[in-house]
Amino acid sequence: MDVKEKVKELVRQAVEAYMSEQDNEEKKPAITVLLNYHSSNPGLILKAVTEIKESFAVKLVASKDWVELLEGDEDVLPLSQADHSELEKLWNSTDLLILPVASFQLVSKLALMVNDDRTAHTAIQFQLLGKPIVIANNEVELGVYQQILAPHSVQEKLQAYLRTTQKDQVKWVPLKQLLRTAKEQHQQYKEKQPLIMAKHIDHAARENVKTITVPKESKITPVAKDIAREMKIEIVKE
């Protein structure tokens, strides 16, 4: 093989490798990773985010402090600068929300559905769309001395809030289990079969909605189909 042929072969291999990498990237499920709260070990958080990126196409949203730590990552959306339309695009276009670090404030806001800041509002919107949320619990797990010294009522209140969010399908796991749990939750989400009933079509009609987009595996009752046909409402499966 002469020099020209060798060069052509190297170019061909490089192009194939690039195209393969692009195809793999496109096949990765799109998710949102939100970094807003303080961590006692930010290095571990950044390592976890890097690992998550290997399995998912990550839309990264971060507070000012985290943006500085993520210096060099050009795809970060600064949380303080994100407007409503940018955040709305996230919860509509991605399948799952991961928070690698949390706070007691977030626990209480999710339990009580208080959406008075961007982080809580985003998380609640994911919930309302039936999308999974996975949160690392390292910063909200009480340490030994806290368990010994904190009043029982405080500890019980925290556990009650956590139980409430868990009933709402929020998964709290140790940081080291974050990626595995995210994969499991995403798989379950994709296999979910929502039931479209007549009341949903009636509600769409009252809101003058002409097209309803539902997950691919959704089941539609015969009555819902009949009403949709009468109301000229189109039901589209993703």
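Reader: Is the crossing of H4 and H6 left-handed or right-handed?
Author: The crossing of H4 and H6 is right-handed. A crossing is right-handed if the near helix is turned clockwise from the far one by less than a right angle, and left-handed if anticlockwise. This is a predicted model, in which local features need pLDDT of at least 70 and side-chain atom pairs count only at pLDDT 80 or more, while totals for chains, interfaces and linings use all residues. Residues are numbered from 1 along each chain as its sequence is written, and side-chain values use heavy atoms, with hydrogens and water left out.

Reader: At what angle do H4 and H6 pack?
Author: About 35°, with the axes of H4 (residues 84-93) and H6 9 Å apart. Axes are lines fitted to C-alpha atoms, for helices over the stretch in contact, and angles run from 0 to 180 degrees between N-to-C directions. Helices (H or I, at least four residues) and strands (E, at least two) are DSSP runs, numbered from the N terminus.

Reader: Which residues in H4 and H6 meet?
Author: His84, Leu87, Leu90 and Trp91 in H4 meet Arg118, His121, Thr122, Gln125 and Phe126 in H6. By class, that contact of H4 with H6 has 4 nonpolar, 4 polar and 1 charged residues. Ala, Val, Leu, Ile, Met, Phe, Trp, Tyr, Cys and Pro count as nonpolar, Asp, Glu, Lys and Arg as charged, and the others, Gly among them, as polar.

Reader: And His121, buried or exposed?
Author: His121 counts as buried, at 19% relative accessibility. Buried means under 20% relative accessible area, exposed over 50%, and partly exposed in between (1.4 Å probe, protein chains only). Leaving aside neighbours within four places in sequence, His121 is in contact with His84, Trp91 and Asn115, where contact means heavy atoms within 4.5 Å.

Reader: Next, where is Pro132 found?
Author: Pro132 is in the loop between helix H6 (118-128) and strand E5 (133-136). Pro132 counts as buried, with 8% relative accessibility. Not counting residues up to four places away in sequence, Pro132 touches Asp95, Leu96, Leu97, Gln185 and Tyr189. The C-alpha atoms of Pro132 and Ile98 are separated by 8.6 Å, the two residues being 34 apart along the chain.

Reader: Which residues touch the most other members of the largest nonpolar core?
Author: Leu35, Ile52, Ile98, Ile135 and Trp172, out of 50 residues in that core. A nonpolar core is a set of buried Ala, Val, Leu, Ile, Met, Phe, Trp, Tyr and Cys residues joined through side-chain atoms within 4.5 Å. Apart from it lies another core, of 11 residues, among them Ile201, Ile212, Val214 and Ile233.

Reader: Ile201 is in H10, where H10 meets H11. At what angle do those axes cross?
Author: Roughly 20°, and the axes of H10 (residues 198-206) and H11 (residues 222-231) come within 8 Å. That makes H10 roughly parallel to H11. Angles under 35 degrees count as roughly parallel, over 145 as roughly antiparallel, 65 to 115 as roughly perpendicular and the rest as oblique. By class, the contact of H10 with H11 has 8 nonpolar, no polar and 1 charged residues.

Reader: Last topic, backbone. What is the phi of Lys232?
Author: Lys232 has a positive phi of about 55°, although it is not a glycine. Most residues other than glycine have a negative phi. Lys232 sits in the loop between H11 and strand E10 (234-237), and Lys232 is exposed, with a relative accessible area of 68%.
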